[in-house]
Amino acid sequence: MSTDINQKRPRIADQVSASLRRRHARERRFRLLGLVATLLGLTFVAILFANIFIKGIPAFWQASITLDIYFDPAIVSIPPEPVREAKESDSDFRQRRVSWENEVGMVNFNRLIQNALTAKIAEAADYPRDAARIVTSGERLALRDLVIKNPGIVGETRQMHLLTDANIDVWLKGNIDRNLPDEQQQLSARVRDWADQLYADGIIKMRFSTGLFTNPDSRSSLASAGLRGAFMGSLYMMLVVIALSIPLGVAAAVYLEEFAPRNRMTDIIEVNINNLAAVPSIIFGLLGAAVFINYFKLPLSASVVGGLVLTLMTMPTVIIATRAALKTIPPSIRQAALGIGASPTQAVFHHVLPLAVPGILTGSIIGIAQALGETAPLLLIGMNAFVASVPASPFDQSNALPVQIYLWQGNELRNFFEGRTAAAIVVLLALMLFLNGLAIWLRKRFETRW
Amino acid sequence: MVTTMKSDVEMELTLVPDVSGLLHEQSERSKRIKMSASDVKVFYGETQALHGVSMEIMENEVISFIGPSGCGKSTFLRCLNRMNDTIEGARVEGRIILDDQNIYDTALDVVQLRAQVGMVFQKPNPFPKSIFENIAYGARLHGLAEKKADLADIVESSLRRAGLWSEVKGRLDQPGTGLSGGQQQRLCIARAIAVNPEVILMDEPCSALDPIATSVIEELIDELKRNFTIIIVTHNMQQAARVSDRTAFFHLGDLIELEKTADIFTNPKNKRTEDYITGRFG
Ligand SMILES: Nc1ncnc2c1ncn2[C@@H]1O[C@H](COP(=O)(O)OP(=O)(O)OP(=O)(O)O)[C@@H](O)[C@H]1O
Ligand SMILES: [Mg+2]
């Protein structure tokens with residue numbers, strides 16, 4: 001019987017080779033499809049990065065003018081720096097010091113800049129209005145700080161690199177159409193000529209803009225607008241997020257995964273945690289405004305509130321990542337520990353959790369990187385306010401990097417802030433890449449094989 | 001503590017053979033009950049896996065559990081150190097006494113029970129840590145070693161008794177998971193005896209091992225029974241015959257027969273036992 005059937009059937013080799021070509025073709029098609037999809041993805045990423053970097057990288061260099069500033073005693077006429085007296089109390093001395101500093105602040109430092117400028121362009125003396133447009137207004141503060149730090153400088157001459165006005169930067173970089181009629185130009189024809197001349201003479205040069213990293217945002221002196229305030233705000237927020245979401249998230253996940261009984265209640269909790277991870281971020285902003293600001297009376301625009309809101313957002317991610325990591329630990333490890341008399345808690349903390357650390361870290365850091373780039377909820381708790389100072393604590397008003405990008409993007413001086421925005425994006429992306437790199441490194445570091 | 005035990009072993013080994021045989025018989029007679037189970041029933045959710053099992057386990061005996069797959073050997077074994085507690089939905093009824101104490105008594109701490117009744121699993125499951133840490137963990141957990149040197153002693157003597165010392169003494173700091181399957185299983189046995197339990201439960205400890213590794217472990221069991229009571233689940237009839245003093249035959253959640261190993265294999269009382277042993281089913 002069976003031999004009969006086998007005789008009727010074609011040889012297996014023939015049968016296989018008939019279908020083999022089709023199988024191979026299908027495989028090739030699938031591989032091609034995958035390749036195309038990958039290339040497409042890579043192309044988009046490449047375009048995005050190229051676009052950002054082409055705009056952003058030049059913004060890291062900014063037009064600045066080199067001037068020999070003479071700290072003319074006739075203009076910088078300040079009383080001597082207060083010296084601490086023998087019986088003077090701390091607060092008295094500090095008070096005297098502050099009033100001295102205020103007096104230094106009253107000095108007309110712009111005059112010093114004008115005078116130095118006249119040395120380069122003789123004409124400048126006759127057109128003070130135009131001359132004032134060359135150096136950005138914030139730089140007088142740099143001069144003030146120099147005097148406060150070292151009053152002995154009065155009477156001396158110092159060579160300084162000062163940022164030019166944002167419009168001069170735009171003009172020299174060719175970010176504005178040079179053929180536009182006069183009335184559409186931001187700068188007068190005279191200032192434009194001066195700028196071209198100074199640039200040709202090498203007095204104005206493109207220098208690396210440290211101010212981008214050391215200054216807070218500014219509206220009065222656009223050229224000195226920097227990321228420091230937003231960076232510190234984001235840093236504080238991330239510290240709050242890390243300090244809260246990881247311990248809470250990991251604890252919740254360990255409890256749910258290892259200790260909680262499986263019943264209707266824990267099922268409901270599980271479903272809701274998954275739902276929470278899917279809630280649009282702006283809703284967390286609304287919640288934060290209602291709870292932390294209206295109810296708990298935490299300050300508006302403070303990074304601590306931003307951190308709390310982002311914690312709410314990140315925690316579900318941490319919980320889900322931790323549970324997934326715990327699930328991958330083979331039950332035989334738990335049995336081994338329990339079998340020699342470890343309590344359930346010991347089994348978890350001595351064996352299961354340490355093995356899950358790489359997975360937990362990877363998931364958590366990706367959650368945190370996501371929080372770092374989050375903008376919408378921050379708008380609802382007032383972190384889009386203009387803040388011209390660097391926050392000293394998480395309770396001070398501050399911006400955050402993504403919000404700063406959003407604010408700069410909307411600035412009227414588009415030609416200048418387009419580059420600034422791209423530069424801020426570069427910084428944000430660099431931070432993200434750093435965090436993701438950290439996640440990979442930590443995972444490699446703690447990985448155990450068994 | 002461990003070192004004195006080692007010298008005991010050495011002393012016994014120096015005895016003249018016929019005298020040791022005499023001593024052996026005497027100790028046989030004076031054996032006392034180590035554990036006793038009465039009417040143990042186990043349920044997994046709605047399904048009942050054990051229908052009232054009663055047995056007595058003597059001190060320093062090796063007792064093996066045989067029976068067809070799914071008859072409840074592992075289930076009963078896990079009752080003896082309450083590992084069933086860790087299984088979702090498992091419920092145990094009946095009484096199990098260790099020495100004079102009901103191990104299901106709420107007053108008894110399961111941690112203490114598991115220190116007294118150790119377990120070796122079917123699949124070797126060393127911790128993904130160093131060989132030293134694998135052994136030291138239990139001792140440290142129960143505070144058996146006060147000084148570092150004590151801990152090293154415990155690790156060495158446990159590995160020696162598990163017959164693994166000569167193979168791993170040069171690489172105690174390497175991961176236990178890097179050993180061969182048979183070595184891993186002996187490592188797990190060493191880990192179990194490091195806390196100096198009174199009873200050791202072994203669930204098919206040789207099922208993943210080759211004949212040589214199996215015979216090493218069988219010799220080991222023979223050696224260990226001087227100090228421990230050993231309960232071993234096995235599918236290998238020859239193994240049961242070789243290592244155990246008594247053998248229990250389980251079938252469909254019932255204990256069918258429990259006799260001296262020699263008797264059960266040559267002269268089974270129950271028809272089902274006979275059928276199973278002669279290979280008519282199972
Ligand atoms: N965790 C569990 N959940 C539900 N049922 C279980 C569980 N463990 C065992 N059982 C059931 O209990 C019965 C006895 O299982 P047990 O593992 O004790 O058998 P066994 O004799 O050890 O078998 P084997 O020789 O195959 O290991 C089987 O019917 C099994 O399906
Ligand atoms: Mg079993």
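Student: Why are H4(A) and H6(A) called roughly perpendicular to each other?

Tutor: This is a predicted model, where local features need pLDDT of at least 70, side-chain atom pairs count only at pLDDT 80 or more, and totals for chains, interfaces and linings use all residues. Residues are numbered from 1 along each chain as written, chains are lettered from A and ligands numbered from 1 in the order written, and side-chain values use heavy atoms, without hydrogens and water. Now the angle. The axes of H4(A) and helix H6 (residues 139-149) of chain A cross at roughly 105°. Axes are lines fitted to C-alpha atoms, for helices over the stretch in contact, and angles run from 0 to 180 degrees between N-to-C directions. Angles of 65 to 115 degrees count as roughly perpendicular, under 35 as roughly parallel, over 145 as roughly antiparallel, and the rest as oblique. Therefore H4(A) and H6(A) are roughly perpendicular.

Student: What makes the contact of H4(A) with H6(A)?

Tutor: Contact means heavy atoms within 4.5 Å. H4(A) brings A:Phe109, A:Asn110, A:Leu112 and A:Ile113, and H6(A) brings A:Arg140, A:Leu143, A:Arg144 and A:Val147. They divide into five nonpolar, one polar and two charged. Here Ala, Val, Leu, Ile, Met, Phe, Trp, Tyr, Cys and Pro count as nonpolar, Asp, Glu, Lys and Arg as charged, and the others, Gly among them, as polar.

Student: What makes A:Lys120 and A:Asp68 a salt bridge?

Tutor: A salt bridge needs a side-chain nitrogen of Lys or Arg within 4 Å of a carboxyl oxygen of Asp or Glu. The closest N and O atoms of this pair are 3.9 Å apart. So the pair passes the rule. A:Lys120 lies in helix H4 (residues 109-120) of chain A and A:Asp68 in strand S1 (residues 61-70) of chain A, 52 residues apart. Helices (H or I, at least four residues) and strands (E, at least two) are DSSP runs, numbered from the N terminus.

Student: Why is H15(A) called roughly antiparallel to H18(A)?

Tutor: The axes of helix H15 (residues 344-372) of chain A and helix H18 (residues 414-446) of chain A cross at roughly 175°. That angle makes H15(A) roughly antiparallel to H18(A). The residues of their contact divide into 16 nonpolar, two polar and one charged.

Student: How much area do chain A and chain B bury between them?

Tutor: About 1700 Å², 67% of it on carbon and sulfur atoms. Buried area is the accessible area (1.4 Å probe) that two parts lose on being put together, summed over both.
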